[in-house]
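Reader: I would like to learn how to read a structure of this kind. Please take the features one by one, giving the idea before the case.

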Amino acid sequence: MLFRSPLYGERALTPEVSGEMALVDIRPIDNRVGLVLRNDLLDLLTPLGAPAQPRYVLAVDMVETRQGLALERDATVTRFNLTLNAEYRLLDAATRQELNAGTARSTAAFNVVRADFANVIADRDAEDRAARVVAEEIVTRLSVYFARRVR
């Protein structure tokens, strides 16, 4: 089934699509980055607060990896890539039937310097940036799903 209107066009996020997205209950996600990802999803999907009677449940499993990119002569890593891979499943809240599923991924890089505190902040900033991109990708995919469903 092809649609000829863009997702972000004037009629793309209709009140019906926004209304369906606001009925998603987002399950907790493990660890600090999972909390950041969940909070980003809450902001994007349910900006008015969690639904009192959710119609859908969103479950997200996330894996984060770090890969050293730049090395000094003494084998000290000076730059890392942080990659977040998130598998999501949208379930019907009543039947637990899977309605939509997919994978979202983001990579954010950060430099390592000689100041430990700066390294901690750079690492957290990379985690936050990657989580935001993953959340936006999941929301975009769910928007497409709901747009097709309500038309």
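Reader: What share of the contacts in the protein with a separation of 6 or more is between residues 24 or more positions apart?

Author: Contact means heavy atoms within 4.5 Å. In this protein, residues 24 or more positions apart account for 65% of the contacts with a separation of 6 or more. The model is predicted: local features need pLDDT of at least 70, side-chain atom pairs count only at pLDDT 80 or more, and totals for chains, interfaces and linings use all residues. Residues are numbered from 1 along each chain as its sequence is written, and side-chain values use heavy atoms, with hydrogens and water left out.

Reader: How many helices and strands are there in the protein?

Author: Helices (H or I, at least four residues) and strands (E, at least two) are DSSP runs, numbered from the N terminus. The protein has 3 helices and 4 strands. Along the sequence they follow the pattern α-β-α-β-β-β-α.

Reader: What percentage of the residues count as buried?

Author: Buried means under 20% relative accessible area, exposed over 50%, and partly exposed in between (1.4 Å probe, protein chains only). Of the 151 residues, 36% count as buried. For the protein, the accessible surface comes to about 9300 Å², and 50% of that belongs to carbon and sulfur atoms. Such areas come from the Shrake-Rupley method with a 1.4 Å probe; for residues, only the protein chains shown count as cover.

Reader: Is Phe146 buried or exposed?

Author: Phe146 is buried, because its relative accessible area is 0%. Phe146 is placed in helix α3, residues 116-150. Leaving aside neighbours within four places in sequence, Phe146 is in contact with Val17, Glu20, Met21, Val24, Tyr56 and Leu90. Val17 is 129 residues from Phe146 in sequence, yet their C-alpha atoms are 5.7 Å apart in space.

Reader: Which residues is Glu20 in contact with, beyond its neighbours within four places in sequence?

Author: They are Arg55, Tyr56, Phe146 and Val150. Glu20 is in helix α1, residues 15-21. A relative accessible area of 14% is why Glu20 counts as buried.

Reader: At what angle do the axes of α2 and α3 cross?

Author: Axes are lines fitted to C-alpha atoms, for helices over the stretch in contact, and angles run from 0 to 180 degrees between N-to-C directions. The axes of α2 and α3 cross at roughly 40° and come within 8 Å. Angles under 35 degrees count as roughly parallel, over 145 as roughly antiparallel, 65 to 115 as roughly perpendicular and the rest as oblique. The two helices α2 and α3 are therefore oblique to each other.

Reader: Which residues meet where α2 contacts α3?

Author: From α2, the list includes Val33, Leu37, Leu41 and Leu44, and from α3 it includes Ala131, Ala135, Ile138 and Leu142. The residues of this contact divide into 12 nonpolar, no polar and 7 charged. Here Ala, Val, Leu, Ile, Met, Phe, Trp, Tyr, Cys and Pro count as nonpolar, Asp, Glu, Lys and Arg as charged, and the others, Gly among them, as polar.

Reader: What is the phi of Asn31?

Author: Phi of Asn31 is near 70°, a positive value in a residue other than glycine. Asn31 is in helix α2, residues 31-45, and counts as partly exposed at 46% relative accessibility. Arg96, not a glycine either, has a positive phi of about 65°. Arg96 lies in the loop between β3 (77-92) and β4 (98-111).
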